[in-house]
Amino acid sequence: QVQLVESGGGLVQAGGSLRLSCAASGRAASGRTFSSSAMGWFRQAPGKEREFVASITWSGTITSYADSVKGRFTISRDNAKSTVYLQMNSLKPEDTAVYYCAAAGTFSSSAQVLGNSRMYDYWGQGTQVTVSS
């Protein structure tokens, strides 16, 4: 079983920055580990559906972003530490949400594939990000 634990959320003023981390441990029943998983960040604001934020391929070579965060957020991963990061700059009040990391057992680099929450089979518990105006 793969466990994902997010950290780094908090309260920040508009224009500020936060860095989220997601530490992975364990192994899927298939034998899949963090280093062979694509990773994604999603978020869910109160009263809204969960939405895609960013993804990164298993190798870390290809990333994709939602239009709403492009140019402000950066996803990265350290396979040696089994950790994926989300650097969030120039935060806006509309970025307020619970942020979730997720793991997908795919080697696809397609933004369409990795932007689909149904591709992800392991999810963290979420970390709250609140941006004040």
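The legends below describe close-up views of a predicted model. Local features need pLDDT of at least 70 and side-chain atom pairs count only at pLDDT 80 or more, while totals for chains, interfaces and linings use all residues. Residues are numbered from 1 along each chain as its sequence is written, and side-chain values use heavy atoms, with hydrogens and water left out.

**View 1. An open sheet of 4 strands.** The order is E1-E3-E8-E7, with antiparallel pairing. Strands are DSSP runs (E, at least two residues) numbered from the N terminus, and two of them pair if DSSP finds at least two bridges between them. At the edges, strand E1 (2-7) and strand E7 (73-78) each pair on one side only.

**View 2. The pairing of E7 with strand E8 (residues 83-88).** The two strands run antiparallel and are joined by 6 bridges. Asp78 has Thr83 in E8 as its bridge partner.

**View 3. The largest nonpolar core, with 38 residues.** Such a core is a set of buried Ala, Val, Leu, Ile, Met, Phe, Trp, Tyr and Cys residues joined through side-chain atoms within 4.5 Å. Leu4, Trp41, Leu86, Met88 and Tyr99 touch the most other members. Strand E9 supplies the largest share, 6 residues.

**View 4. Arg72 in the loop between strand E6 (63-65) and E7.** Arg72 counts as buried because its relative accessibility is 11%, buried meaning under 20% relative accessible area (1.4 Å probe, protein chains only). A polar atom of the Arg72 side chain lies 2.9 Å from the backbone oxygen of Ser68. The backbone oxygen of Ser90 also lies 2.9 Å from a polar atom of this side chain.

How values were computed. Buried means under 20% relative accessible area, exposed over 50%, partly exposed in between (1.4 Å probe, protein chains only). A polar contact is a pair of N or O atoms within 3.5 Å; within protein, one must be able to donate a hydrogen and the other to accept it, and residues adjacent in sequence count only if both atoms are side-chain atoms.
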